[in-house]
Amino acid sequence: MQTRSRQGACVVFREGVRVEFDGDLASLTGQASSLRLRPVRDGLRAVLTRLAAGPVPLADLLGPLPPAERAQVASLLRRAGHLLAWCVTAGGRELARIEPTARGADHQAADVPDDVPVRLSRFAFCRSRGNVLVLESPLAGFRAVLSHRIARELVAALGGARTVSDLAEDGHPLAEVTELLGHLAGVGLVEVGTPDGRFRSDEDPTLRQWDFHDLLFHSRSRPGRYDDLFGAAYPYAGQIEPLPAVKPPPDGPAVPLHRPSMDELLARDPALTVAIEGRRSVRDYDEQPMTAEQLGEFLYRVARVRAQRVPGADGGDEIAARPYPSGGSAYDLELYLSVRRCAGLTEGIYYYDPVAHRLVLVNEDPAGREAMLAVASTATGLPTQPDVLITITSRFQRLSWKYRSIAYALTLLHTGVLYQTMYLVATAMGLAPCGLGLGDADLAARVLKLDYLRETSVGDFMLGSLPAADDGIGPPSAPWRMVNSPEWKLRASLLLR
C-alpha cells in the first residue's frame, strides 16, 4: 500500500471578500458574513494585503514573521476561516478551491493509498454556483470549487469506486489525482473505502437511514453547515414585486358560507385539554354527511383572514392575520376543497376565499375530483374516500421574496401548524379529521389549474362526518358530546394522569 506526498497548501481570501483598513482597524467583508480586527499592526496588515492579492503558500505566509506575530496570524486564520479558501494546486496550476460552508470546519487533507477504492460520497452533488461547477455535500463542512477541467473530469470519474492507480491508468495525471483526492477525501466530499471494497456510508445504520434529499434539505434550511444568507434577507426587494398578503380569488360561481357566532362557540366548545386529548385521525364516516353549515364553521375557525395590513408611507411588509401562526405573518398557504359528499353543497372542487368567507368553484370535472379523492384514499391505505378533501397549497414566492434558505422549510412548518389547528377544531366540532402524509402535487397543480412552480400542494387533509358509534379505543370520537358526562370526566382524568 503506497501513499504519495502532496504539495504545500495555499490559502487565499474567498471570491468577493473585501479588505479595508482604517487606522489600526481592518474590516473583512464577504457575501454572507464579515469580520473586524483591531489592532492590526505592520505584520498582520502585510499578511491581509498579501492574502487579498492571491493564493499564498501557508509556509510562505507565516515563515517570515517573528514568533509573536506568527501566533497572531495563526489566530486570524482560525477566526477568519469562513472567509478563506484553500487552493489545490499541482503541476503549477490551480485545480480547485476548498471553501468552508460551516464555521469552525477543520481543513485537513488526507493521504489516499494507491490501491484503496475511493468514490464520491453518496451525499455529494455537483451544481452551478457563480458561473462555476462546485461539489458539495451535507456531510461536509466544505465545498470544492472545480475551477479546472482536470478537477471536473476527475470528479465525474468517481461516480463508482476507483483507485488512484485506476484513475492514473485512465490517463488522469498522477500528481493531480493524488493532490485533489487528498483534499476531497480530507473534507468528506470523497469517501475512502477499506481494502476489501466496503464504504462506511453503505454500512453505517445512521447514514443508511438518511435519504440524500432529506439530509440536504436539513443542512440547507438551518444555519450551521451552510454559508449563504439565512432568514429575512429580502433578496428580491426592488427587483421583483412581492405577492400580496391575500390571494385575489379566482373567477367562478361562489357559495357564501355560514359564519358562526363566537359567543355560541365559547359556550359550546370543550376545554382545550379535552380537545387535545380527544384528537385522533378518523378515516370512516357516518351515513349522514357533514353539512355545509359545519363546513363553513370549520373553515371560519381555521383559515379566515381576520385582519390585513397594507404598508403605509413608513413602508413595511403587507401582512395578514389568520387563526393559525405564520412566519412574518406571510400566510403563504391556500385551501382548495374537493367535495364528494356535503349536505347543502354541490359536488365539485372549490377555492376557499378567506376574506369573503365563501367557496369559489374552480373545477366541476368529475374525473379531476375523483382522481384527487383516489390519491387521498391510497394515502390512507383504505378504500374509503373522504367526504371532503382539503388540499393545502403554498404560494411559494410569498416566502422566498423575503426569506433566504428557509422559505420552503417555513412552508412545511406552516402546514404542520395548520394541520394541528384543523385537528383541534374538527375534534371540538365532532367531525372526522385525518391529515395525510402524502399527495400528488403534479396532479393537484393540473386539477386545481395552478402553476406547479408558483402554487401547488404541500399538504392534504380529509374531513367528514363522525360515525355515531364509538369503538371504545382511546378518547371518545366526539368529546364535545360528552364533556359533562361522568363517563367522559373519568376517561379524561385517566388520560391526564
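Colleague: Is Gln72 buried, partly exposed or exposed?

Modeller: Please bear in mind that this is a predicted model. Gln72 has a relative accessible area of 29%, so Gln72 is partly exposed. Gln72 belongs to helix α3, which covers residues 67–79.

Colleague: Which residues is Gln72 in contact with, leaving aside its neighbours within four places in sequence?

Modeller: Gln72 is in contact with Pro39 and Leu44 when those neighbours are set aside. Separation in sequence and separation in space may also be read side by side. Gln72 and Leu48 stand 24 residues apart in sequence, and their C-alpha atoms are 12 Å apart in space.

Colleague: What is the peptide bond from Arg38 to Pro39, cis or trans?

Modeller: The omega angle answers this. Omega is near 0° for the bond from Arg38 to Pro39, and that bond is cis. Pro39 itself sits in the loop between β4 (34–37) and α1 (42–53).

Colleague: How many disulfides does the structure hold?

Modeller: A disulfide is a covalent bond that joins the sulfur atoms of two cysteines. The structure holds 0 disulfides.

Colleague: At what angle do helix α4 and helix α6 pack?

Modeller: A helix pair is described by the angle and the distance between the axes. Helix α4 (residues 149–157) packs on helix α6 (residues 174–186) at an angle of about 70°, with the axes 11 Å apart. The angle therefore makes α4 roughly perpendicular to α6. The crossing of α4 past α6 is right-handed. On the α4 side, Ile150, Ala151, Leu154 and Val155 take part, and they meet Glu176, Val177, Leu180, Leu181 and Leu184 of α6. By class, this contact of α4 with α6 has 8 nonpolar residues, 1 charged residue and no polar residues.

Colleague: How do α12 and α15 pack, and at what angle?

Modeller: Helix α12 (residues 292–303) and helix α15 (residues 407–429) have axes 10 Å apart and an angle of about 140°. That angle makes α12 oblique to α15. Here too the handedness can be given: α12 passes α15 in a right-handed crossing. From α12, the contact draws on Gln294, Glu297, Phe298, Arg301 and Val302, and from α15 on Leu418, Thr421, Met422, Val425, Ala426, Ala428 and Met429. The classes in the contact of α12 with α15 are 8 nonpolar, 2 polar and 2 charged residues.

Colleague: What is the phi of Ser329?

Modeller: Backbone phi is read together with the residue type. Ser329 is not a glycine, and its phi is positive, near 50°. Ser329 lies in the loop between β16 (319–321) and β17 (333–339) and counts as partly exposed at 25% relative accessibility. His357 likewise is not a glycine and has a positive phi of about 50°. The loop between β18 (348–353) and β19 (358–363) holds His357, which counts as buried at 1% relative accessibility.

How values were computed:
Residues are numbered from 1 along each chain as its sequence is written. This is a predicted model: local features need pLDDT of at least 70, side-chain atom pairs count only at pLDDT 80 or more; totals for chains, interfaces and linings use all residues. Side-chain values use heavy atoms; hydrogens and water are left out. Axes are lines fitted to C-alpha atoms, for helices over the stretch in contact, and angles run from 0 to 180 degrees between N-to-C directions. Helices (H or I, at least four residues) and strands (E, at least two) are DSSP runs, numbered from the N terminus. Angles under 35 degrees count as roughly parallel, over 145 as roughly antiparallel, 65 to 115 as roughly perpendicular and the rest as oblique. A crossing is left-handed if the near helix is turned anticlockwise from the far one by less than a right angle, and right-handed if clockwise. Contact means heavy atoms within 4.5 Å. Ala, Val, Leu, Ile, Met, Phe, Trp, Tyr, Cys and Pro count as nonpolar, Asp, Glu, Lys and Arg as charged, and the others, Gly among them, as polar. A disulfide is a pair of cysteine sulfur atoms within 2.5 Å. Buried means under 20% relative accessible area, exposed over 50%, partly exposed in between (1.4 Å probe, protein chains only).
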